Amino acid sequence: MKIKDIIPLIEAKVITPEADPEKEVLCGYTCDLLSWVMAHGQEGMAWVTVQIHMNVIAVAALHDMACVIMPESIRMEKESIEKAVEEGICVLESPLSGYEICGRLHAAGVPDKD
Amino acid sequence: MSALIHKEYPVEMADYDHAGEASADIKRQLKQLGVPASVLRRVSVASYEVELNLVIHSEGGVLTLEVTPEAVRLISADRGPGIPDVDLAMREGWSTASETARSLGFGAGMGLPNMKRNADDFNITSKVGEGTTIDMGFRLA
């Protein structure tokens with residue numbers, strides 16, 4: 001499944017139109033503790049988090065994640081969005097809760113991490 | 001064997017806005033050199049953890065990247081304050097991170113164990129009042 005396929009699924013708005021929507025989403029994850037995600041992140045991950053600061057993008061970029069998903073229409077900080085564009089990380093904003101986002105992704109076939 | 005890359009990155013205490021920039025550059029440099037993806041990922045995770053540790057826990061220091069045809073080496077050397085009990089600091093879940101660090105989502109107590117897990121060689125020495133040095137090696141050949 002690609003980023004462009006999950007956008008309608010989770011009713012998301014693309015915050016970084018510059019990012020490649022054809023990128024493959026290989027697995028899904030949700031966690032707000034960055035040091036935990038640092039230890040468990042994976043390539044191609046769609047990561048749901050309420051954290052909005054720049055270090056979120058650093059973690060996503062170091063793991064070559066597919067996208068970062070902000071639940072409940074949370075707005076990411078402007079500096080973080082700029083950083084995401086620079087690093088080629090797609091940021092999506094969804095009105096749904098983290099629980100609902102993960103539920104829909106899982107039901108559509110996006111697996112858990114290894 | 002002579003070094004293909006030798007680069008030093010100064011990292012300042014509590015500089016959360018620039019945290020991760022050294023690691024991003026290290027990743028770029030290694031990618032350009034053609035370091036295999038599996039090694040690249042482990043180096044990236046370890047370098048980010050050690051860089052964040054400098055920001056969160058140290059009084060500032062320097063992160064050094066050294067690449068030879070055989071290995072990637074990351075050395076972090078700080079100016080203090082030093083770790084009183086290294087064995088305790090190595091334990092998963094143990095953290096002395098500040099409220100600021102925790103509010104940003106750090107301080108899970110995963111840093112040092114995660115570095116050790118990702119590096120092929122891991123060495124830490126610390127002296128209270130002097131500082132901490134972490135030396136990590138990642139085999140290329």
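The radius of gyration is taken over C-alpha atoms, and the globule rule sets it at 2.2 Å times the number of residues to the power 0.38. By that rule, a compact globule of 114 residues would have a radius of gyration near 13 Å, and the 12 Å of chain A agrees. This is a predicted model, in which local features need pLDDT of at least 70, side-chain atom pairs count only at pLDDT 80 or more, and totals for chains, interfaces and linings use all residues. Residues are numbered from 1 along each chain as its sequence is written, while chains are lettered from A and ligands numbered from 1 in the order in which they are written.

**Chain A: elements**
- Chain A has five helices and five strands (DSSP runs numbered from the N terminus: helices are H or I with at least four residues, strands are E with at least two).
- Read from the N terminus, the order of elements in chain A is α-β-β-α-β-α-β-α-β-α.

**Chain A: overall form**
- The C-alpha trace of chain A spans about 35 × 30 × 25 Å along its principal axes.
- Of the 114 residues in chain A, 46% are buried (20 or more other C-beta atoms, placed from the backbone, lie within 10 Å of the residue's own).

**Contact between the chains**
- In chain B, 19 residues are in contact with 14 residues of chain A (contact: C-beta atoms, placed from the backbone, within 7 Å).
- On the side of chain B that touches chain A, α1 (21–33), α2 (37–57) and α5 (111–118) of chain B each supply at least two residues.
- The most comes from α2(B), with four residues.

How values were computed: Contact = placed C-beta atoms within 7 Å. Buried ≥ 20, exposed ≤ 12 C-beta atoms within 10 Å, placed from the backbone.
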